[in-house]
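Student: I have a model open and some questions about it. Can we go through them one by one?

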Amino acid sequence: MTDRGEQGADERGERGEDERGERLATALRARLGGIGYGGDYNPEQWPEDVWADDVRLMTEAGVNLVSLGIFAWARVQPDPETFDWGWLDRVMDLLADGGVAVCLATMTASPPPWLARLHPETLPVRPDGTVLWPGARQHFTPSSQVYRDHATRLVERLATRYAGHPALAAWHVGNEYGCHVSGSYGDVDAVAFRDWLRRRYRTIDALNEAWSTTFWSQRYAAWDEINPPRQTPTFPNPAQRIDFRRFSSDALLECFLAEKEVLRRVTPDVPITTNFVPLRDTLDLHAWARHEDVVSYDSYPDPADPGAHVDAAFGFDLMRSLKDGAPWLLLEQAPAAVNWRRVNRPKAPGQMRLWSWLAVGHGADAVMFFQWRASRGGAEKYHSAMVPHAGTGTRTFREVRELGRELAAVPEIAGTRVRAPVALVLDWPSWWGLEQDGHPSGLLRQREANLAHYAPLFGAGVACDVVRPSADLSGYRLVVVPNLYMITESDAANLTGFVRAGGRLVVSFFSGVVDDRDRVHPGGAPGPLADVLGLRVAEFWPLAKGEHVDVEEAEPGWFDGGAARGSLWSEEVRLDEASPLATFASGVLAGRPAATRNRFGGGAAYYLATRPDPAAMNSVLRRVCREAGAAPDLPNLPEGAEAAVRHAEDGTRFVIVLNHDDDGPVTVPLPPGGVDPRDGTDVVAPYRLGARGVLVVRYPPSPTGSRHGGPA
Ligand code: GAL
């Protein structure tokens, strides 16, 4: 077959998988009869007489889905030849009788101690050679074929045993891949890394070229000379490190796919998911998500951080975008406190409900917790649970029960979608490149860049997807690139084409610097974005921690009060076609452009050569949104209030209004025509929403499809 033919087959295969995923996700929704509600259920930690009580309380709390047996491998397979399913059979039967569906774990996230005793080479290794031993969890290297064989053998037995069981609704593969060990540097890994590199580069010369190994005499003569980027005397080869991140994400993905292959074969009609960790640089989620039938996510915002909900919402928007807007499952959150921060503050009254609805507002079709019943022993005994140590007479259980009832009253929200006029671009390999050593500034962080650009959009109530740089951008009015340090020619062409076709693009500094091999683009930044941005960067002038530079408008209307303060970065920009919107007003770059606009094709591209202070970022992004015609779903909301909208296929809209303010009520100017979906009563505007309050309003389809009678 020609390359083209293979590519066509790949695409068809991918489309087939997408369609199957969508069908299975729809079936799961139908089975749950609305939003999924429940948590991680670990009955193996409890005597059997507790189980019946668990199921009774689950019914009381409105639980319709549990993730079962995530850490039960050692209990199910106490030695290589013995399988003990009896207890799990009884739990599955109890749950089926109680009407609770099961997202059954494949149990492979924590191998039993015998695996390490028999096969110590399955243990992961740090860059300095330290072996990570059993005694916690995730003590396996993904490259170990021995681990994979034992894992798939278990999964084959598990799937065969429970195929057709009435409780089985979905598969939960592994658990939070890469959470504790995102890469392993041992000998097993070295062999697998070399194989991966051979597939990628074919010849050692191509690898030498890609890794710029003529530098510092790193040129390799044979594959066997190559190792994972272990502890080195000074900066390791950056291209090698980026490839190792790619390889490590792929190695974990191969573990997932090996289990998926078994599950698909034995239970073709059961949807498959794995829960992603709260947004991190570990896995390339764009590469992972297409292999899941439904995306799922764990979210642990810090109740002590007043801005935590914005960060959480960013992760939610990413989850939704990973499968082109398909609803996703919030598989874990804390009912109150976690146990792994230095000081673990519980969620305040109402905060768990507020943040659960935040997830639903941003596209979640399930609201689940870690965990059902608080553990008596082990490292997580101080982590909150739906049923706390103090029992069901607690605030936490009361809030859990009330939320269960509330979600059950609005089943029609499940399956509806969010519509976003703005996309923010995020790319993992670029993230890996950005945060390496030996750069102009060690202060740049992808997450911080994302949030600096996302928070103003969130504050303005403009819905935002989070997409890969190669995504189809044609449905968006505005695309925001907080940082794309690494960019390929084709991704740059995608962004350029978007602007040419009439879109607005915002790009911040230190973008378009290197290609996918971490080699600086000829001519330097912004590389292949130079045309669309209409400028070149001559020299970087990064700012020290706490250092600021003054910025003033060159064109009126960009900053409140006409001026701003930049931090983190400044640079000497040479304008080609672009015109300055603001200039630096202090320091060596005084008088030079700090923000620019380039009218290009039917659209415009804006560039920020520093990080304006938060108020200035707000005014810049609000202004660009206006120019782009990217409107909020519900205009004129008071500070602290948010309105997220989910759209049904028939035009019905569910507006989820949230008051993120801890202190006081807000008055929300809702459009007329909305009803409370729980009882069908009219919602009268303006509506007064208390601190941490939630209001869900349903708007019928408007007869003309116009904006009258409800939000956009
Ligand atoms: C997650 C993990 C759970 C539990 C939880 C505690 O990372 O998947 O098993 O450990 O954190 O917050």
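This is a predicted model: local features need pLDDT of at least 70, side-chain atom pairs count only at pLDDT 80 or more; totals for chains, interfaces and linings use all residues.

Student: Is F235 buried, partly exposed or exposed?
Tutor: Its relative accessible area is 45%. Exposed would need over 50%, and buried under 20%. So F235 is partly exposed.

Student: Which residues make the nonpolar surface patch, and what is its area?
Tutor: F235 is one of the contributors.

Student: How much of the ligand does the protein bury?
Tutor: Start with the contacts. Polar side-chain atoms lie 2.9 Å from a ligand oxygen for N175, 2.3 Å for E176 and 2.7 Å for H383. Taken alone, the ligand exposes 310 Å², and the protein buries 95% of that.

Student: How do the residues of the shell around the ligand divide?
Tutor: The ligand's surroundings include F71, R137, D298 and W340. The shell divides into 4 nonpolar, 2 polar and 5 charged.

Student: The shell also includes F370. Which peptide bond from F370 is cis?
Tutor: Omega is near -5° there. Q371 lies in the loop between strand 9 (364-369) and helix 13 (395-408). The cis bond runs from F370 to Q371.

Student: Is R692 buried or exposed?
Tutor: R692 has a positive phi of about 55°, although it is not a glycine. Its place is in the loop between strand 25 and strand 26 (694-699). With a relative accessible area of 18%, R692 is buried.

Technical notes
Residues are numbered from 1 along each chain as its sequence is written. Side-chain values use heavy atoms; hydrogens and water are left out. Patches are made of residues with over 30% relative accessible area and no salt bridge: like charges are joined within 9 Å, nonpolar side chains (Val, Leu, Ile, Met, Phe, Trp, Tyr) within 5 Å. Accessible areas come from the Shrake-Rupley method with a 1.4 Å probe; for residues, only the protein chains shown count as cover. A salt bridge is a side-chain nitrogen of Lys or Arg within 4 Å of a carboxyl oxygen of Asp or Glu. Buried means under 20% relative accessible area, exposed over 50%, partly exposed in between (1.4 Å probe, protein chains only). A residue is near a molecule or strand if one of its heavy atoms lies within 4 Å of it. A polar contact is a pair of N or O atoms within 3.5 Å; within protein, one must be able to donate a hydrogen and the other to accept it, and residues adjacent in sequence count only if both atoms are side-chain atoms. Ala, Val, Leu, Ile, Met, Phe, Trp, Tyr, Cys and Pro count as nonpolar, Asp, Glu, Lys and Arg as charged, and the others, Gly among them, as polar. Helices (H or I, at least four residues) and strands (E, at least two) are DSSP runs, numbered from the N terminus.
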